[in-house]
Amino acid sequence: MEIVLDTNILISSLLRNGLTRDILSLSPLKMYTVEYAKFEIEKHKDELLFKSKLDEKSFDYLTEFVFSKVNFVPMAELSPFKDEAVEIMREIDIDDSPFIALAMLLGCPIWSNDLHFKKQNIIESYTTKEIINLL
């Protein structure tokens, strides 16, 4: 099964050694996210380091490991679905429209713990608890 990961899933896997990291590490899911998720994580690296209580070397190693489990899709590839995705998310959270566009491109659901993805009815979305039930 293919699935699009919201950035919060990546961040969750970096902050705690728990279910999210286990799913990312061990599941048969083919995982995708938008390329700028890397930028978002780098932008908040200091905060993530503090919250994770990891030293920088360990955090960088973990980040590299997590990123190796995910396929990063350039924003340019989302252009066929960009306008429709923006329209879908306009009243919900327009910043998350790239994840909708990627899910439309791939024809697959989104994995996110942000419940606002449930407010739209075009792309199926699953929380971590729902992913566990699927697996």
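In which helix is the place of Leu 49? Leu 49 lies in helix 4, which spans residues 45-52, where helices are DSSP runs of H or I with at least four residues and strands are DSSP runs of E with at least two, both numbered from the N terminus. The model is a predicted one, in which local features need pLDDT of at least 70 and side-chain atom pairs count only at pLDDT 80 or more, whereas totals for chains, interfaces and linings use all residues. Residues are numbered from 1 along each chain as its sequence is written, and side-chain values use heavy atoms, with hydrogens and water left out.

Leu 49 has a relative accessibility of 14% and therefore counts as buried, the term denoting under 20% relative accessible area, with exposed meaning over 50% and partly exposed in between, for a 1.4 Å probe and protein chains only. When residues up to four places away in sequence are not counted, Leu 49 touches Leu 54, Asp 55, Glu 56 and Phe 59, contact being defined as heavy atoms within 4.5 Å. The C-alpha atom of Leu 49 is separated by 19 Å from that of Leu 19, a residue 30 positions away along the chain. Helix 4 also holds Lys 45, which at 10% relative accessibility counts as buried. Lys 45 is in contact with Glu 56, Phe 59 and Asp 60, its neighbours within four places in sequence being left aside.

The axes of helix 1 (residues 7-15) and helix 3 (residues 36-43) come within 10 Å and cross at roughly 45 degrees; axes are lines fitted to C-alpha atoms, for helices over the stretch in contact, and angles run from 0 to 180 degrees between N-to-C directions. The two helices, helix 1 and helix 3, are therefore oblique to each other, since angles under 35 degrees count as roughly parallel, over 145 as roughly antiparallel, 65 to 115 as roughly perpendicular and the rest as oblique. Thr 7, Leu 10, Ile 11 and Leu 14 of helix 1 make the contact with Ala 37, Glu 40 and Ile 41 of helix 3.

Five strands form an open sheet in the order 3-2-1-4-5, with parallel pairing, two strands being paired if DSSP finds at least two bridges between them. Strand 3 (70-73) and strand 5 (125-126) are the edge strands, each pairing on one side only. Strand 1 (residues 2-5) and strand 4 (residues 110-111) run parallel and are joined by two bridges, and Leu 5 stands opposite Trp 111 in strand 4.
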